[in-house]
Amino acid sequence: MNSINEIFGQTGAFDIRDAIAEMGEGGHVLTQTELTALAVTAVMGLFLCLFGLKIVRFWAVLTGFGLGFAAGTIAGAAGGMDTKACLIAGLAAGIVLAALGAALYRVGIFITVFVSVSSFCTYVINPDNSILLAVCTSIGLVAAILSAKFTEVITILATAVFGAVLGGTAVCRMLPVMGETIHILICASFTAVGIVIQLLLESKKRKKKSLEKAAEIREEASAANEVERARAMMDDLGNISNNKDEEE
């Protein structure tokens, strides 16, 4: 129990905000490992920002696994399991939640929005106590619940904003010139571009579905017309046959 608590203590003490800030401190030369970590973070953040709704099942798998692993491990620790059992429980919960997020669209949306909004609030508020952490989680939960009704709008906003902040912060730390104003401008620019791109992709998707639906309606109408023509032809043949019989 003590060992798992130590793991959680170390994990809880880690703050991506502080880690990225330390990498970009003045006079600090980024190592190859730090540059790689920042580059990966920037790419993942920008992909989330630009294609949050488009490939939401992919994000649901990633966030679902992380969320499930954390929840399973914490539950195991609370239940008095040893370190190995806690990790196994976390792994099992992560796989289950990732599978649900991939298989069920609504579940995937819920998980992605919850993690995105909660993480964004945690980044902005930077909670230093359980009350503020609960506030961040509650905001994420409310947004996830609202996504059941306003699916596209909430998902686009949540992924665009969080992806922009995540990717924008990493990009900012790799630049030779630093500053809070530059940081805000980069994140705001990425957010605006992400929202526009996602809206265009969603519009294109809906247009494609409308065209497919119109094609189906035309095919059904064409089939109905063919059936009607065949019926009319059979009626005409029947009338001709009846007329011949009457003449005979």
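The model is a predicted one, so to speak of local features a pLDDT of at least 70 is needed, side-chain atom pairs count only at pLDDT 80 or more, and totals for chains, interfaces and linings use all residues. Residues are numbered from 1 along each chain as its sequence is written, and side-chain values use heavy atoms, with hydrogens and water left out.

The chain turns out to have 9 helices and 0 strands, where helices (H or I, at least four residues) and strands (E, at least two) are DSSP runs numbered from the N terminus. Of its 248 residues, 29% count as buried, that is, under 20% relative accessible area with a 1.4 Å probe and protein chains only; exposed is over 50%, and partly exposed is in between. Take the contacts (heavy atoms within 4.5 Å) between residues at least 6 apart in sequence: 71% of them join residues at least 24 apart.

Now for the helix pair. Helix α6 (residues 105-125) packs against helix α8 (residues 151-174) at an angle of about 45°, and their axes lie 9 Å apart. Axes here are lines fitted to C-alpha atoms, for helices over the stretch in contact, and angles run from 0 to 180 degrees between N-to-C directions. That angle makes α6 oblique to α8; under 35 degrees counts as roughly parallel, over 145 as roughly antiparallel, 65 to 115 as roughly perpendicular, and the rest as oblique. Residues of α6 in the contact include I109, T112, S116 and F120, while α8 supplies, among others, I154, A158, T159 and F162. Sorted by class, the contact has 11 nonpolar, 7 polar and 1 charged residues. Nonpolar covers Ala, Val, Leu, Ile, Met, Phe, Trp, Tyr, Cys and Pro, charged covers Asp, Glu, Lys and Arg, and the others, Gly among them, are polar.

As for α8 itself, its 24 residues reach 34 Å from first C-alpha to last, close to the 34 Å expected at 1.5 Å a residue; the expected span is 1.5 Å times one less than the number of residues. The helix α8 is mostly covered, with 17 of its 24 residues buried.

With 1% relative accessibility, T112 counts as buried. Leaving out residues up to four places away in sequence, T112 touches V56, W59, A60, T63 and T159. Then there is L62, found in helix α4 (residues 56-78). L62 is partly exposed, at a relative accessible area of 40%. The C-alpha atoms of L62 and T112 are separated by 8.8 Å, although the two residues are 50 residues apart along the chain.
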